[in-house]
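Biologist: Could you take me through the features of this model one at a time, giving the general idea before the particular case?

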Amino acid sequence: MKEEASKFDDHAFAPMVSMEMNVGMFKSQWQFCDRITEYLSDILGQGHSDPARYSNFLSVATNELVELAFRSTGEPGRISFDLYRSATFNRLRIAFPCEEGSDREHARARSSERQPILGAASGYPVESDGTVPLANLAAIFRAAIRIEKDGTRGIQIIADFPSTEDFQ
């Protein structure tokens, strides 16, 4: 899945929605994570035979990625949330300024070096600090999720979700 999604040129994705806000405003209330997740998930569900089911399922992954951005940025600037669609994938891109020291934390999250424990309430692996490793999210949602540098002081989280509805 990761290789398939990575092969797509960004030009193959049609923009669906783009939302940008000040990092200070975003960080001012934790509830923004839920509101942004709900909005993005509703849009991701459009065009599916069961839009509520698809958007509800993907809202879990979207929420984890939005919360990762919430926890990872503290620098002034703008955070952007973009959704794109291709014939077979939906892409979520979150770009934000990030402190220099956070690069190591993102590399650790990407490699999932810590051992997960089972989250009884959620039903999927959760780290001891309550976070979900990106590798586990990718496997659960059959997604290609990656974190990349965006310029000199920015990070972008890119997640390509299959647009098919055969989630188990």
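**Strands, rings and burial**

Modeller: Strand 2 (residues 78–85) and strand 3 pair in the antiparallel sense, with six bridges between them, where pairing requires that DSSP finds at least two bridges between two strands. Helices (H or I, at least four residues) and strands (E, at least two) are DSSP runs, numbered from the N terminus. This is a predicted model, in which local features need pLDDT of at least 70 and side-chain atom pairs count only at pLDDT 80 or more, while totals for chains, interfaces and linings use all residues. Residues are numbered from 1 along each chain as its sequence is written, and side-chain values use heavy atoms, with hydrogens and water left out.

Biologist: How many residues of strand 3 are buried?

Modeller: Buried means under 20% relative accessible area, exposed means over 50%, and partly exposed lies in between, with a 1.4 Å probe and protein chains only. In strand 3 (residues 89–97), nine of the nine residues are buried, so the strand is largely enclosed by the rest of the structure. Both of its faces are covered, with F89, R91, R93, A95 and P97 buried on one side and N90, L92, I94 and F96 buried on the other.

Biologist: Is Q156 buried or exposed, and which side chain does the side chain of Q156 join in a polar contact?

Modeller: Q156 is found in strand 7 (residues 154–162), and Q156 counts as buried because its relative accessibility is 11%. A polar contact is a pair of N or O atoms within 3.5 Å; within protein, one must be able to donate a hydrogen and the other to accept it, and residues adjacent in sequence count only if both atoms are side-chain atoms. Here the side chains of Q156 and R93 are joined by such a contact of 2.6 Å. For contact in general, meaning heavy atoms within 4.5 Å, and leaving aside residues up to four places away in sequence, Q156 touches R93, I94, A95, R146, I147, E148, K149 and D150.

Biologist: How is a pair of aromatic rings described, and how many aromatic pairs does the count come to?

Modeller: A pair of aromatic rings is described by the distance of the centres and the angle of the planes. Rings of Phe, Tyr and Trp (its six-membered ring) pair if their centres lie within 6.5 Å, and planes under 30 degrees apart count as stacked, over 60 as edge-to-face and the rest as tilted. By this rule the count comes to four aromatic pairs. One of them, formed by F26 and F81, is edge-to-face, at 5.7 Å centre to centre with 65° between the planes. This pair links distant parts of the chain, since F26 lies in helix 2 (residues 23–28) and F81 in strand 2, 55 residues apart. Both F26 and F81 are buried, and together with W30 and F70 they form one aromatic cluster.

Biologist: How many disulfides does a search of the whole structure find?

Modeller: A disulfide is a pair of cysteine sulfur atoms within 2.5 Å, and the search finds zero of them. C33 counts as buried at 0% relative accessibility, and C98 is buried at 3%.
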